[in-house]
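I opened my notebook to look up charged pairs. Here is what I was looking at.

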Amino acid sequence: EYFTASRDTTIRSVLLTGSVYAMSVVAGNLGTDALAAHQIVLTLWMVTSYFCDGFADVGTMLGAKLLAGSDPGKFKQVIVLWNLLLLYGISTGLVAGLVLFAFEDDIFTLFHVHDGHTKDLLILVWPILSFMQIINACVFVLDGLIYAAQAFSFVRNLMFVACVLVFSPAIFVVTTVSAYHSLFYLWIGKTCLNSVRAVGAFWLWFYSFPSSWRSERRVNSAPPIG
């Protein structure tokens, strides 16, 4: 069981890390200005993780404790937990997105970007970066809750679908089709990857898990036969 769980989480980490490295390689092939803009966006892409990782850790530790307990009301407590943590995550992502959008020029100055092609590329990608902070925050928080439920195979399969079946084709198009050979479409691919992760996590927590918990409660509350 330990080996299986470790294998699943390792596959997930390799796929996620590989996608980030692949983006850097593609951005480098787009030119120096594109690579510079890419590194700035990549740095800010994870801005919500510094806060949401704390929420995710609480979700993993407290969620696992609740799910492992014998309290008949534990599922309701877990639902309250994930609603609270998701609210914190969405709020964090909303604030981060608004700050990025409102202080765009100040952030450019912070990275010593004043004019030129690098700034033009950043301006194109900036709306995506700002909006995706909300979705990114949800992904970070829900990942912690998924680990609490020990759904390691689900995490592996979700990352496989996101990286191999969605992100990889997007990267292929960016590198081979001249009309899409730009940093903007590279980050569209990354946006699709995280969006698939978010949809999968929401489906698991708002449909799959509640359905299985209702079934478990019905079984436990059924009168003994005979």
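For my notes, a salt bridge is a side-chain nitrogen of Lys or Arg within 4 Å of a carboxyl oxygen of Asp or Glu. This is a predicted model, where local features need pLDDT of at least 70 and side-chain atom pairs count only at pLDDT 80 or more, while totals for chains, interfaces and linings use all residues. Residues are numbered from 1 along each chain as its sequence is written, and side-chain values use heavy atoms, with hydrogens and water left out.

How many salt bridges does the structure hold? I found 4.

I started with R156, which pairs with D8 in a salt bridge, closest N and O atoms 2.8 Å apart. This pair links distant parts of the chain, 148 residues apart: R156 sits in helix 7 (residues 152–176) and D8 in helix 1 (residues 2–29). Helices here are DSSP runs of H or I, at least four residues, numbered from the N terminus.

D8 also meets R7 in a salt bridge, at 3.1 Å from N to O. I noted that R7, D8 and R156 are linked in a network of salt bridges.

Is D8 buried or exposed? D8 counts as buried because its relative accessibility is 2%. R7, at 36%, counts as partly exposed. My cut-offs: buried is under 20% relative accessible area, exposed over 50%, partly exposed in between (1.4 Å probe, protein chains only).

Next I looked up D143, which forms a salt bridge with R197, closest N and O atoms 2.8 Å apart. D143 lies in helix 6 (residues 117–148) and R197 in helix 8 (residues 183–221), so this pair ties together parts 54 residues apart in sequence. I wrote down both D143 and R197 as buried.

Terms used:
Helices (H or I, at least four residues) and strands (E, at least two) are DSSP runs, numbered from the N terminus.
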